[in-house]
Amino acid sequence: MSDDCIFCKIVAGDIPANVVRETDATLAFLDVNPLAPGHTLVVPKDHYERLGDMPSDVATEVFHEVYELVPRVESVVDADATTVGINDGEAAGQEVPHVHAHIVPRFEGDGGGPIHAVAGERPDLSDDDLTDLAAEISATHRE
Ligand code: AMP
Ligand code: ZN
């Protein structure tokens, strides 16, 4: 647990949240400032800042909870679709430094955009650049 982390405090029960599901390693609760009705966050109970900081079994459980929750939340709020996203790191917009997956219910004509809308200017990469990048990523090990 990290002392000044708001999500650790929710996990510890020190501040209230609208909890929707709990497993050994995860907690899911409603976002306090929702982008849509049913906007839910799934967090590991232990404090990890970045996606890659989580052990593999915890990462698996977090994603499994996303898998379990998306159809449930859609059905409860009668959504047409869902955007699932993780702001992984400050430059990506992460404000709470404790891993959390957003489940954002989406509705036809809700005025939102696809995940493609989150990035800025698109890079100009050739086919060779893509081939090289794929090879480099494929050959890299996690630090
Ligand atoms: P991010 O920008 O990905 O770090 O998102 C942080 C999210 O946490 C925002 O959508 C906030 O509305 C949400 N949030 C912050 N504090 C709380 C809280 N006490 N309970 C529930 N959600 C929260
Ligand atoms: Zn935390």
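I started at H100, which sits in the loop between β4 and β5. Before going on, a reminder to myself: this is a predicted model. Is H100 buried or exposed? I get a relative accessible area of 5%, so H100 is buried.

**Ligand 1**

The side chain of D31 has an N or O atom 2.5 Å from an oxygen atom of the ligand. N87 also uses its side chain, with an N or O atom 2.9 Å from an oxygen atom of ligand 1. V32 contributes through its backbone instead: an N or O atom there lies 3.2 Å from a nitrogen atom of ligand 1. Then I checked how much of the ligand is covered. On its own, ligand 1 exposes 510 Å², and the protein buries 83% of that.

**The zinc ion**

Which residues coordinate the zinc ion (ligand 2)? I noted C5 and C8, each through SG, plus H47 and H98, each through ND1. The distances run from 2.0 to 2.3 Å. Why do I call the arrangement tetrahedral? The four donor atoms subtend angles of 106 to 117 degrees around the zinc ion, and that makes it tetrahedral. For comparison, I wrote down that the ideal angle for four tetrahedral donors is 109.5 degrees.

I then looked at where these donors fall in the sequence, and the spacing reads C-x2-C-x38-H-x50-H. One pair among them links distant parts of the chain: C5 is in the segment before α1 (6-12), while H98 is in the loop between β4 (81-85) and β5 (101-106), 93 residues apart. C5 and H98 are both buried. For C5 the relative accessibility is 5%, so C5 counts as buried. C8 comes out at 2%, so C8 is buried as well.

The whole structure has zero.

**The chain overall**

I stepped back to the whole fold. The chain has three helices and five strands, and from the N terminus on they run α-β-β-β-α-β-β-α. I looked up the extent of the C-alpha trace, which spans about 50 × 40 × 25 Å along its principal axes. Of the 143 residues in the chain, 30% are buried.

**Two residues I stopped at**

I6 is in helix α1. At 43% relative accessibility, I6 counts as partly exposed, because that value falls between the 20% and 50% cut-offs.

D78 was my last stop. It lies in the loop between α2 (56-77) and β4. What is the phi of D78? I read a positive value of about 55 degrees, although D78 is not a glycine. Most residues other than glycine have a negative phi, which is my reason for writing this one down. Is D78 buried or exposed? Its relative accessible area is 61%, so D78 is exposed.

Definitions and conventions. Residues numbered from 1 in each chain as written. Chains lettered and ligands numbered in written order. Predicted model: local features only at pLDDT ≥ 70, side-chain atom pairs only at ≥ 80, totals over all residues. Heavy atoms only, no water. Disulfide = S-S within 2.5 Å. Buried < 20%, exposed > 50% of the residue type's maximum accessible area, 1.4 Å probe, protein only. Donors = N, O, S within 2.8 Å, 3.2 Å for Na, K, Ca; no water. Tetrahedral: all angles 85-135°; square planar, octahedral: opposite > 155°, others 65-115°. Helix = DSSP H or I, 4+ residues; strand = E, 2+ residues; numbered from the N terminus. Polar contact = N/O pair within 3.5 Å; in protein donor to acceptor, adjacent residues only side chain to side chain. Areas by Shrake-Rupley, 256 points an atom, 1.4 Å probe, with all protein chains shown as cover.
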